[in-house]
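Please walk through this fold with the model open beside the text.

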Amino acid sequence: MMDARIDEIRKQLTAKGFKLTAQREETVKVLLENEDNHLTTEEIYMIVKNRVAEIGIATVYRTLELLKELHVIEKVNFGDGVYRFDLRRKNQAHFHHHLICTECGAVQEILEDWLLPLENRVLLEFGFTVEDHRLDFQGVCHSCKAKHTSEECKAVS
């Protein structure tokens, strides 16, 4: 599975005149291996550095920016002031959505595109063609809500 995704990314780079160098490939592998973790640049760098000792953080920054420009990844901020990177899913016209817990910081992905009816309405009413969108829901996750409910029950009894 990972090899297929790497080949797909290699083709995207090649189509735009870039090569998938060994350093870029290691960076891509780290992103693929940590797809659900939304790593920061520094976290990605530290993992890649353990594998390729001679790589510099500037190379990782440039690789991430290139992958962002090619829409392989998205740069996201979940309200904590830290930019993280998220792979775009194959065969998805739009970036996926997120549920972000304001209590514990947990992030859950919504892979379905719930906004297509809204995009059609925007096209009909405004003549505006949506090329991409991003939606983040902020609130309290099930675990934190259950913890609060449990604490409230203890306080009452």
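This is a predicted model: local features need pLDDT of at least 70, side-chain atom pairs count only at pLDDT 80 or more; totals for chains, interfaces and linings use all residues.

The expected span of a helix is 1.5 Å times one less than its number of residues. Helix 2 covers residues 22-33, twelve residues in total. From first C-alpha to last it reaches 16 Å, close to the 16 Å expected.

Now look at what helix 2 hides. Its buried residues are Glu26, Thr27, Val28, Val30, Leu31 and Leu32. An α-helix has 3.6 residues a turn, so residues three or four places apart point the same way.

Next comes the core. In soluble globular proteins, nonpolar side chains tend to be buried together. Here the largest nonpolar core has 23 residues. Those with the most contacts inside it are Val28, Leu31, Ile44, Leu64, Leu67, Val72 and Ile73. Helix 1, helix 2, helix 3, helix 4 and strand 2 each supply at least two residues of this core. Take leucine 67. Setting aside neighbours within four places in sequence, leucine 67 contacts Ile9, Val28, Leu31, Val72 and Ile73.

Is arginine 5 buried or exposed? Arginine 5 lies in helix 1. It counts as buried because its relative accessibility is 11%, below the 20% cut-off. Beyond residues up to four places away in sequence, arginine 5 touches Leu32, Glu35, Leu87 and Arg88.

Turn to the strands. Strand 1 and strand 2 pair in the antiparallel sense, over five bridges. Lysine 75 stands opposite phenylalanine 85 of strand 2. Five residues lie between the two strands of this hairpin, where glycine 79 takes a positive phi near 90°. Strand 2 is mostly covered, with four of its five residues buried.

Three strands form an open sheet in the order 4-3-5, with mixed pairing. Strand 4 (107-110) and strand 5 (136-139) stand at the edges. Each has a single partner strand, so one side of each is left without a neighbour in the sheet. From one strand to the next, the twist averages 20°. Strand 3 (residues 97-101) runs antiparallel to strand 4, joined by four bridges. In strand 4, glutamine 108 is the bridge partner of leucine 99.

Technical notes
Residues are numbered from 1 along each chain as its sequence is written. Side-chain values use heavy atoms; hydrogens and water are left out. Buried means under 20% relative accessible area, exposed over 50%, partly exposed in between (1.4 Å probe, protein chains only). A nonpolar core is a set of buried Ala, Val, Leu, Ile, Met, Phe, Trp, Tyr and Cys residues joined through side-chain atoms within 4.5 Å. Contact means heavy atoms within 4.5 Å. Two strands pair if DSSP finds at least two bridges between them. Axes are lines fitted to C-alpha atoms, for helices over the stretch in contact, and angles run from 0 to 180 degrees between N-to-C directions.
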